[in-house]
Amino acid sequence: MYRDFTYAEVLASAERAGWRLDDVLGPDDRLDFTRRFMPEALARTDAAPGLDAAERKLLNQISGHQYLSLFGVIEEFILPFVLDHVRPQLDTDDYRVRALLQFAGEEAKHIQLFRRFQEAYVLGFGTPCQVIGPAEAIAAEVLRHDPLGVALAILHVEWMTQNHYLDSVKDDDGLDPLFKSLLRHHWIEECQHAKIDTLMVEALADSRGDDAILAAAGEYLEIIGFIDGGLRQQAALNVAALELATGRPVADREGLIAQQHQAARWTYLGSGMAHPRFTGTLSAISPRAHALVEAAAAQFN
Ligand SMILES: [Fe+2]
Ligand SMILES: [Fe+2]
């Protein structure tokens, strides 16, 4: 198994690393709309076809709004899953129970943080940006899958936030400092979650044979496919928001939607599926499941 930490150690580091909402976005903080919000490695707006510099910056900011909205949606399915996971075993290991409750509390805080950023965004952007949803329906669709498949999707999410943070560090010249701080603070806590998720995945895989683990990896890929469909819809909504903001239609609408969909596929799917810690856990529980996911990941680059 890929285990190099315990619940007690994860709880101790989570308690040291914890932050308050106001540390990231205080009541008087304003986003800087003269800057880009998302790292170029994720938003790929410099390569967006048919746009001038001002439109690329607007699209980058809309991509930032997408990030805030989608993480709101993602955290909505993580929170009930973690609570369901801790409930049946409240009387077992005290550190395990406390680490999972700490994890759940932090995700509830992240939901609030993303919402707070979204409010700041709406205040400054001036044009409405539509998002896919509702979040509860998306969460219900994800959560109807095999718990091991859902736990793999959550492990993927936690590790991919590390790539998002690292991309924002590389892209240090033009990003809004509050967005950079969001990516950094989120990763600081997600880093502990990723370790707890690893322990959850291992616990759920422990009693299963390889065929059952392979089937759960198939369910994880179903969740990926479902999210991918949502990303395609969101890319079209983002282009519509850009057109509304500039007051004119973009030249190559379908080309731009396809290019931005692929950027989102890398940001939310590929960068998690290919993270070495995610693939390490997967290959430790089942080399066949790892091969299945690795083959599917190629389309999300
Ligand atoms: Fe989170
Ligand atoms: Fe998390």
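Colleague: Why is Glu107 called buried?

Modeller: In this predicted model, Glu107 has a relative accessibility of 0%, and because the term buried applies under 20% relative accessible area, Glu107 counts as buried.

Colleague: What makes Glu107 part of a metal site, and which other residues coordinate the iron ion (ligand 2)?

Modeller: The iron ion (ligand 2) is coordinated by Glu107 (OE), Glu158 (OE), Glu190 (OE), Glu190 (OE) and His193 (ND1), at 1.9 to 2.5 Å, and since a donor has to be an N, O or S atom within 2.8 Å of the metal, these atoms qualify as donors. Along the chain, their spacing is E-x50-E-x31-E-x2-H.

Colleague: Which parts does the pair of Glu107 and Glu158 tie together?

Modeller: Glu107 lies in helix H5 (residues 94-125) and Glu158 in helix H7 (residues 147-170), so the pair ties together parts that are 51 residues apart in sequence. Glu158 is also buried, because its relative accessible area is 0%, against a cut-off of under 20%.

Colleague: How far apart are the iron ion (ligand 2) and the iron ion (ligand 1), and which residue coordinates both?

Modeller: The two ions are 3.5 Å apart, with Glu107 coordinating both.

Colleague: Which residues of helix H11 are buried, and what do they pack against?

Modeller: In helix H11 (residues 276-285), the buried residues are Phe278, Thr279, Gly280, Thr281, Leu282 and Ile285, and they pack against H7, helix H8 (177-206), helix H9 (210-246), helix H10 (253-273) and helix H12 (287-297).

Colleague: Is Val239 buried or exposed?

Modeller: Val239, found in helix H9, has a relative accessible area of 0% and is therefore buried. Not counting residues up to four places away in sequence, Val239 touches Val250, Arg253, Leu256 and Ile257.

Definitions and conventions:
Residues are numbered from 1 along each chain as its sequence is written. Chains are lettered from A and ligands numbered from 1 in the order in which they are written. This is a predicted model: local features need pLDDT of at least 70, side-chain atom pairs count only at pLDDT 80 or more; totals for chains, interfaces and linings use all residues. Side-chain values use heavy atoms; hydrogens and water are left out. Donors are N, O and S atoms within 2.8 Å of the metal (3.2 Å for Na, K and Ca); water is not among the atoms, so sites may look incomplete. Helices (H or I, at least four residues) and strands (E, at least two) are DSSP runs, numbered from the N terminus. Buried means under 20% relative accessible area, exposed over 50%, partly exposed in between (1.4 Å probe, protein chains only). Contact means heavy atoms within 4.5 Å.
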